[in-house]
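Visitor: Could you walk me through this model, starting with its strands?
Guide: Gladly, here it is.

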Amino acid sequence: MKAIVITVSTKGYAGEREDKSGPVLKQRLESIGFEVPEIVLLPDCREKISDVMLQIADKKEAGLIVTTGGTGFAKDDCTPEATLDVVERRADGIPEAMRAYSSQFTDRAMLSRAVAGIRKETVIINLPGSVKAVEECMDCVENSLVHGIEILTGQAVECGGS
């Protein structure tokens with residue numbers, strides 16, 4: 001399965017900050033069997049983020065898009081809104097589980113506005129922008145991620161099991 005990582009950071013896009021969370025996310029996805037051909041670096045621009053997601057999902061370039069960054073309370077944080085512009089069906093359990101899991105380690109987990117959903121046969125998940133948050137969120141979702149995509153694409157037919 002193929003996944004695309006999108007790092008959302010205006011400073012990173014401008015070359016003023018190194019993207020640390022994108023490479024960690026890419027490595028984590030590869031470790032569970034995803035092919036991750038690229039990390040797309042975008043500024044905090046709702047239209048640019050949604051346009052890239054639309055292209056990936058509509059052209060079936062990947063079964064999974066995972067974003068990192070732009071999910072907080074800053075005025076320019078718009079990744080959740082861009083995602084909601086694109087998804088056809090929400091998958092609220094994913095960000096709910098990530099926030100619940102991360103809240104064991106920090107009370108700031110409740111400040112994540114991350115969302116998740118499905119467009120066509122592509123799952124889209126927002127993660128916060130810090131390396132620590134990426135690690136925690138991936139710890140939470142990685143066991144169910146592949147199965148969810150297999151159900152979506154018809155490669156698996158039941159969600160039963162443990």
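Visitor: How many bridges join β1 to β2?
Guide: This is a predicted model, where local features need pLDDT of at least 70, side-chain atom pairs count only at pLDDT 80 or more, and totals for chains, interfaces and linings use all residues. Residues are numbered from 1 along each chain as its sequence is written, and side-chain values use heavy atoms, without hydrogens and water. Strands are DSSP E runs of at least two residues and helices H or I runs of at least four, numbered from the N terminus, and two strands pair if DSSP finds at least two bridges between them. β1 runs parallel to β2 (residues 39-42), and the number of bridges joining them is 4.

Visitor: Which residue of β3 is the bridge partner of Val-5?
Guide: β1 also pairs with β3, in the parallel sense over 5 bridges. On the β2 side, Val-5 stands opposite Ile-39. In β3, the partner of Val-5 is Val-66.

Visitor: Is β1 mostly covered or uncovered?
Guide: Buried here means under 20% relative accessible area with a 1.4 Å probe, protein chains only (exposed is over 50%, partly exposed in between). Ala-3, Val-5 and Thr-7 point one way and Ile-4, Ile-6 and Val-8 the other, and all are buried. With 6 of its 6 residues buried, β1 is mostly covered.

Visitor: At which residue does α6 bend?
Guide: The bend is the angle between axes fitted to the seven residues ending at a residue and the seven starting there. Several residues of α6 are buried, including Val-134, Leu-145 and Ile-149. The helix α6 bends by about 55 degrees, at Val-141.
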